[in-house]
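Hello,

Here is the structure you were waiting for. My notes on it follow below; please read them with the model open.

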Amino acid sequence: MAVNLDDRVTSSDESSSGADDGEWLDVEPDEEAVTVVSFFDSKTFPSLDEMLAYCVQHYGFDLKDNLARLRLDFLGAVKLVNFVRDSVRQGRPLPSPITPQDIDSDDFLKPVLDNDAVLFSLDDVLEAVSAQAAEAGGEQTVTLQKRNAELEAELEAIQSSFANYRLTVQETLDRRWGDDQDVTTKPAAQASSAPARDNSAYYFESYAFNDIHETMLKDRVRTDAYRDFIYSNKHLLKGKVVLDIGCGTGILSMFCAKAGAARVIAVDKSDIIDKARENIFNNGLSDVITCLHGAIEDVVLPVDQVDMIVSEWMGYCLLYEAMLPSVLYARDKYLKPDGLLVPSSATIWVAPIADPSYVAEHVSFWRDVYGFDMKAMQEGIYEEARIETMPGSSVCGTPFPFKTLDLGSVKAEELVFTADWHSDLSRSVDGIDGFLIWFDNFFATSSEEPMPPPTTTPDAWVAKKSGNVAFTTGPDGVETHWKQGLLLAEPQNPPVTSPPATRVSGKITFKALEENARALTIDAAWCVAGQPERSQSWKLK
């Protein structure tokens, strides 16, 4: 912005009327007196400092204080001055406090008052503000350091008190709900027989907060599937004992109790179990549902066997979070031979994608951010699996069901696997941008019912028999909180165009991440017909 400075009036040089002596008479230039107009009225002042002091005294507005608080540069200061003048001219009260959003518009770069003397003096004002801040900074540093030490001591004391409070509450709840009898830790000899598992406490801590449970409960595809299966098959639950593993807020346990189960045992290692107890009590179901705090491998159930195991164990790409081994452990230890697992099976799918718009928005974007090359932000972009809701139009080939899990018979060691897959391109593509992973879940009404074939769709399964329930997390279904796993492939250079019906084939491997047993590593090798084989690895953590 160009600011027109006030004209300086200078007298013309004049010669003396008596020029006999040949001398010139020097005349000093006269400068027009500076006139500074108040922000809030028509009063004028011979200096900016007097005007600013007047505004502080009579209107409570301190320009320097606002400049310092908002940490404004010169252009920001210009916007602030014009914002104040515009607000006064329009009869609008100034917000308290003025925020960066209030002065964000570039319209405030245009002077409201012609030849505004305040704008000509902003450099001096900003220098004064900086000097004051530097002078105050030394004193403030000492004060802040002292206050920081005091706050750290207070925080340590509060954390200690809170830990004691939680322990007291837990002991009280255990006595109230009889957990001092129902929940016991296994003796060392018993515990040693349990399968090895990771000790990532953070995983269970993450489920102690409301947000994650709100997200899952609001996932209607997920929650409706369990509710519909349980309520549509009340004859399977009437008078039976049900085990709910990873019960969270207790919603599935309460479904089962309402459906007629004689007893429901809800187990969760997370502190969310405390909320589940309250929820169950508040809904009058505490005489049916027993809550146990601990991992299923550690607690001792009040029964030897159960008729049904209900669990929402699925993670991103189905196996992320590695909760399924705990369900299989409980299946082998507690489920009756003719008992039912809910859900009963799952199928994992893969499909190639070609979505230049997505790549441009999330990958190429970093090469031109407001004119700057931020390629450093692309580091690792092809190494991390993404969780996205992708449109069906991004899929460019036939989906392939590369793994089907029969929960009645699958073993924990089979959850680490390598599987073959193939796909035929459904349209011409200039290179494959990556792969999409999703899963379908199936709920059977009998343990004797054959597992659905790999290509069975949820709709076909539901239509097959009354009481059957199924859902998909795929790109053509209703969005779920699982979304899909997106594996971005490193681009070919130069790109190679492949016509429709071109065969893409390869292998895909699922395994736990070495440094985190609950995370997932996905390896893939693939070959587009007529092109060299490629391979890549992604982490989901």
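Start with the rings. Phe39, Phe40, Phe45, Tyr54, Tyr59 and Phe61 together make one aromatic cluster. Rings of Phe, Tyr and Trp (its six-membered ring) pair if their centres lie within 6.5 Å; planes under 30 degrees apart are stacked, over 60 edge-to-face, and the rest tilted. The criterion is NZ of Lys or CZ of Arg within 6 Å of the ring centre and within 35 degrees of the ring normal. Lys234 and Tyr231 give another case, with the charged end of Lys234 5.5 Å from the centre of the Tyr231 ring.

A word on the source. This is a predicted model, in which local features need pLDDT of at least 70 and side-chain atom pairs count only at pLDDT 80 or more, while totals for chains, interfaces and linings use all residues. Residues are numbered from 1 along each chain as its sequence is written, and side-chain values use heavy atoms, with hydrogens and water left out.

**Confidence**

pLDDT is the predictor's confidence in each residue, from 0 to 100. The chain averages 85, and 83% of the residues score at least 70. Residues 1–29 stay under 50; the model gives them 20 contacts beyond four places in sequence. Residues 175–199 are also below 50, with 38 contacts beyond near neighbours in sequence. A contact means heavy atoms within 4.5 Å.

**Overall**

The chain has 16 helices and 21 strands. These are DSSP runs, numbered from the N terminus: helices are H or I with at least four residues, strands are E with at least two. Of the 541 residues, 44% are buried. Buried means under 20% relative accessible area, exposed over 50%, and partly exposed in between (1.4 Å probe, protein chains only). Among contacts with a separation of 6 or more, 71% join residues 24 or more positions apart.

**Aromatic pairs**

There are 23 aromatic pairs in the structure. In one, the ring centres of Phe83 and Phe108 are 5.4 Å apart and the planes stand at 85 degrees, so this pair is edge-to-face. Phe83 belongs to helix H3 (residues 74–90) and Phe108 to the loop between H3 and helix H4 (117–120), so the pair ties together parts 25 residues apart in sequence. Both Phe83 and Phe108 are buried. Tyr316 and Tyr320 have ring centres 5.8 Å apart and planes at 20 degrees, so that pair is stacked. Tyr316 is partly exposed at 29% relative accessible area. Tyr320 is buried at 16%.

**Helix H2**

Helix H2 covers residues 63–70, and its buried residues are Leu63, Asn66, Leu67 and Leu70. Seen down the helix axis, they fall within an arc of 100 degrees, so they line one face of H2. The arc is taken over the directions from the helix axis to the C-beta atoms. At the start of H2, a side-chain oxygen of Asp62 comes within 3.1 Å of the backbone nitrogen of Lys64. Just after H2, Arg71 has a positive phi of about 55 degrees.

**Helix H14**

H14 (residues 324–334) is mostly covered, with 8 of its 11 residues buried. Among them are Leu324, Val327, Leu328, Tyr329 and Arg331. The buried residues of H14 pack against strands E5 (241–245), E8 (306–311), E9 (335–342) and E12 (400–406).

Ser345 is in strand E10 (residues 345–353). Its relative accessibility is 3%, so Ser345 counts as buried. Beyond four places in sequence, Ser345 contacts include Leu405, Asp406, Asn441, Phe442 and Met451.

Asn233 sits in the loop between helix H10 (220–232) and helix H11 (234–237). At 2% relative accessibility, Asn233 is buried. Leaving out residues up to four places away, Asn233 touches Thr445 and Gly467.

Val462 is in helix H16 (residues 458–464). At 39% relative accessibility, Val462 is partly exposed. Not counting residues up to four places away, Val462 touches Asn468, Val469 and Ala470.

Best wishes

Key
Polar contact = N/O pair within 3.5 Å; in protein donor to acceptor, adjacent residues only side chain to side chain.
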